[in-house]
Amino acid sequence: MIQNKTPIRVRYVETDAMGFAHHANYLAWFELARIEFMDALNMPYKDMEKEGYLLPVLGAHLKYRKPAHFDDHLIVVCTAKEKPRIRLKMEYEVFREETLIATGSTEHAFMNPKGMPIRPPKKFVDLFEQNGADA
């Protein structure tokens, strides 16, 4: 299992008329956490794209437990439990201090620029193995 934590501060523009962080923002926060996760592995997503690897989202799941509000300081924990194959699953937990306010996951496929499924870069798989991801 590999994990990374990304701090988020809820901006006023991210809230709705009820004063809650709008539900759509969670997917953007997941994306930010995923990019930070890749950076922490020393495999920036931008570099993967330059090498011809794309990681489109195939599906997303979210469960809201408690609302986030303007100026909340959140932590998004991004976890990969398995080393990537053609697909990669990322799991997320959003915390306000010690309180779990949301969970979710995204599933991705490695594709080339023509939209064909491909195996992940060997360097990426090796990084997962070096950092303790399960087989």
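**Notes on a predicted model: charges, loops and overall build**

1. At 31% relative accessibility, E107 counts as partly exposed. This is a predicted model. E107 pairs with R87 in a salt bridge, and their closest N and O atoms are 2.9 Å apart. The two residues come from distant parts of the chain: E107 sits in strand β5 (residues 99–109), R87 in strand β4, and 20 residues separate them.

2. What does R96 pair with? The partner is D72, and the N to O distance of this salt bridge is 3.0 Å. R96 lies in strand β4 (residues 87–96), while D72 lies in the loop between β2 (57–64) and β3 (73–80), so the bridge ties together parts that are 24 residues apart in sequence. D72 is buried, because its relative accessible area is 13% and the cut-off for buried is under 20%.

3. A further salt bridge joins E14 to R11. Here the closest N and O atoms are 3.5 Å apart. Is E14 buried or exposed? E14 is buried, with a relative accessible area of 8%. How many salt bridges are there in total? The count comes to seven.

4. E36, D39, D47 and E51 form a negative patch. One of them, E36, belongs to helix α1, which spans residues 25–40. E36 has a relative accessible area of 34%, so this residue is partly exposed. Patch members need over 30% relative accessible area and no salt bridge.

5. Check the backbone at D71. Its phi is near 75°, a positive value, and D71 is not a glycine. Where is D71? It is found in the loop between β2 and β3. D71 has a relative accessible area of 32%, which means that it is partly exposed.

6. E97 is another residue to check. Its phi is positive, about 55°, although E97 is not a glycine. E97 lies in the loop between β4 and β5. Is E97 buried or exposed? With a relative accessible area of 72%, E97 is exposed; the cut-off for exposed is over 50%.

7. Next comes P121. It is placed in the loop between β5 and α3 (122–130). P121 has 4% relative accessibility, so it counts as buried. How far is P121 from L55? In sequence they are 66 residues apart; in space, C-alpha to C-alpha, they are 12 Å apart.

8. Step back to the whole chain. What secondary structure does it have? The protein chain has three helices and five strands. Read from the N terminus, the order of its elements is β-α-α-β-β-β-β-α.

9. Last, the overall dimensions. Along the principal axes, the C-alpha atoms fill a box of roughly 45 × 30 × 20 Å. The radius of gyration of the protein chain is 16 Å. A compact globule with 135 residues would have a value near 14 Å, so the chain agrees with that expectation. What share of the residues is buried? Buried residues make up 39% of the 135 residues. Among them are E14, D72 and P121.

Methods:
Residues numbered from 1 in each chain as written. Predicted model: local features only at pLDDT ≥ 70, side-chain atom pairs only at ≥ 80, totals over all residues. Heavy atoms only, no water. Patch = residues over 30% accessible without salt bridge, like charges linked within 9 Å, V, L, I, M, F, W, Y side chains within 5 Å. Areas by Shrake-Rupley, 256 points an atom, 1.4 Å probe, with all protein chains shown as cover. Salt bridge = Lys/Arg side-chain N within 4 Å of Asp/Glu carboxyl O. Lys, Arg positive; Asp, Glu negative; His and termini not counted. Charge placed at Lys NZ, Arg CZ, Asp CG, Glu CD. Helix = DSSP H or I, 4+ residues; strand = E, 2+ residues; numbered from the N terminus. Buried < 20%, exposed > 50% of the residue type's maximum accessible area, 1.4 Å probe, protein only. Rg over C-alpha atoms; globule rule 2.2 N^0.38 Å.
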